[in-house]
Amino acid sequence: MTAHPGIFITFEGIDGSGKSTQARRLAEVLTGAGFDVVLTREPGGSEGAEQIRSLVLEGDPDRWSPETEILLFTAARRDHMEKRIWPALKAGKIVISDRFADSTRLYQGLSRGDLRAQVDRLHEMMIGTEPDVTFVIDMDPGIGLARAKSRQTSEERFEDFGEDLQLKMRQGFLDLARTHPDRFIVVNGTRSMDAVAEDVRALALDRLAQTASG
């Protein structure tokens, strides 16, 4: 684990869960409260990582093997860490990322075979950083997939795997939360965006207050 003076917050969840909206709204709230906040996303967040994003999120579902995807996502994350996340954390800022390594642990580690060990080894070798807090926006996979598909963007490669993948991913995120309760906070995402945002705001401010007092 890489020590840093900043706070690293990530948002996870199935496609269409609303996590991107909640990440943005929390960044706005914390900025308004006087915190120095960096809002970013994965895959992406840096120039090199954004180029890789189009490779992994667009095209046919079978465009890449799971093993190749793991390497692509790790390469994107390493560039993202070097160019944006590590500098911000070292400067004492709050970094909020829409997705991070937990998505790779599930989407590439479990979706089409048992490759979780390979994901974890690469993460340990090349990244070595875990979030301080991870919000999982939990939602019924059928509803989330319908929301995601309604956006009609070119970045639908994982949505095209269908609801079975989303069911597996939802369970995976809940299992991670049970395994690492000190880091994960599960929030019911089936309510209105405002209700979810209020819960996230209160929980985040409480966690920041605990960090400051500790």
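Analyst: Start with Arg99 and Glu12: each of them is buried. Buried means under 20% relative accessible area; exposed means over 50%, and partly exposed lies in between, using a 1.4 Å probe and protein chains only. The model is predicted, so local features need pLDDT of at least 70 and side-chain atom pairs need pLDDT 80 or more, while totals for chains, interfaces and linings use all residues. Residues are numbered from 1 along each chain as its sequence is written, and side-chain values use heavy atoms, leaving out hydrogens and water.

What joins Arg99 and Glu12? They form a salt bridge, with the closest N and O atoms 3.6 Å apart. That term means a side-chain nitrogen of Lys or Arg within 4 Å of a carboxyl oxygen of Asp or Glu. Glu12 is in strand 1, and Arg99 is in the loop between strand 3 and helix 4 (101-107), so the bridge ties together parts 87 residues apart in sequence. Helices (H or I, at least four residues) and strands (E, at least two) are DSSP runs, numbered from the N terminus.

Look again at Arg99. Its relative accessible area is 10%. Its phi is positive, about 80 degrees, although Arg99 is not a glycine. Another positive phi, near 85 degrees, belongs to Gly92, which follows helix 3.

Now to the rings. Rings of Phe, Tyr and Trp (its six-membered ring) pair if their centres lie within 6.5 Å; planes under 30 degrees apart count as stacked, over 60 as edge-to-face, and the rest as tilted. By this rule there are 2 aromatic pairs. One is Phe8 with Phe100: edge-to-face, 4.9 Å centre to centre, with 80 degrees between the planes. Phe8 sits in strand 1 and Phe100 in the loop between strand 3 and helix 4, so this pair also links distant parts of the chain, 92 residues apart. Phe8 is buried, at 0% relative accessible area. Phe100 is buried too, at 1%.

The pair of Phe11 and Phe135 has ring centres 5.2 Å apart and planes at 25 degrees, so it is stacked. Again distant parts are linked: Phe11 lies in strand 1 and Phe135 in strand 4, 124 residues apart. Phe11 has 0% relative accessibility and counts as buried. Phe135 is buried as well, with a relative accessible area of 0%.

Return to Phe100. Arg77 lies over its face, 5.1 Å from the ring centre. A charge sits over a ring if NZ of Lys or CZ of Arg is within 6 Å of the ring centre and within 35 degrees of the ring normal.

Which residues touch the most other members of the largest nonpolar core? This core has 19 residues, and the answer is Ile9, Phe11, Leu26, Ile96 and Phe135. Strand 1 (7-12), helix 1 (19-32), strand 3 (94-98), strand 4 (133-138), strand 5 (184-188) and helix 8 (193-213) each give two or more residues to this core. A nonpolar core is a set of buried Ala, Val, Leu, Ile, Met, Phe, Trp, Tyr and Cys residues joined through side-chain atoms within 4.5 Å. Take Ile96: not counting residues up to four places away in sequence, its contacts include Ile9, Phe11, Leu26 and Val38. Contact means heavy atoms within 4.5 Å. Apart from this core lies another, of 11 residues, with Phe8, Val38, Ile85 and Trp86 among them.

Helix 3 spans residues 66-90 and bends by about 55 degrees at Met81. The bend is the angle between axes fitted to the seven residues ending at a residue and the seven starting there. In helix 3, Lys83 and Asp79 are 4 residues apart, about one helical turn. Their side chains meet in a salt bridge, 2.9 Å from N to O. Asp79 counts as buried, at 16%.

Step back for the total: the whole structure holds 19 salt bridges. The one between Arg99 and Glu12, where we began, joins two buried residues.
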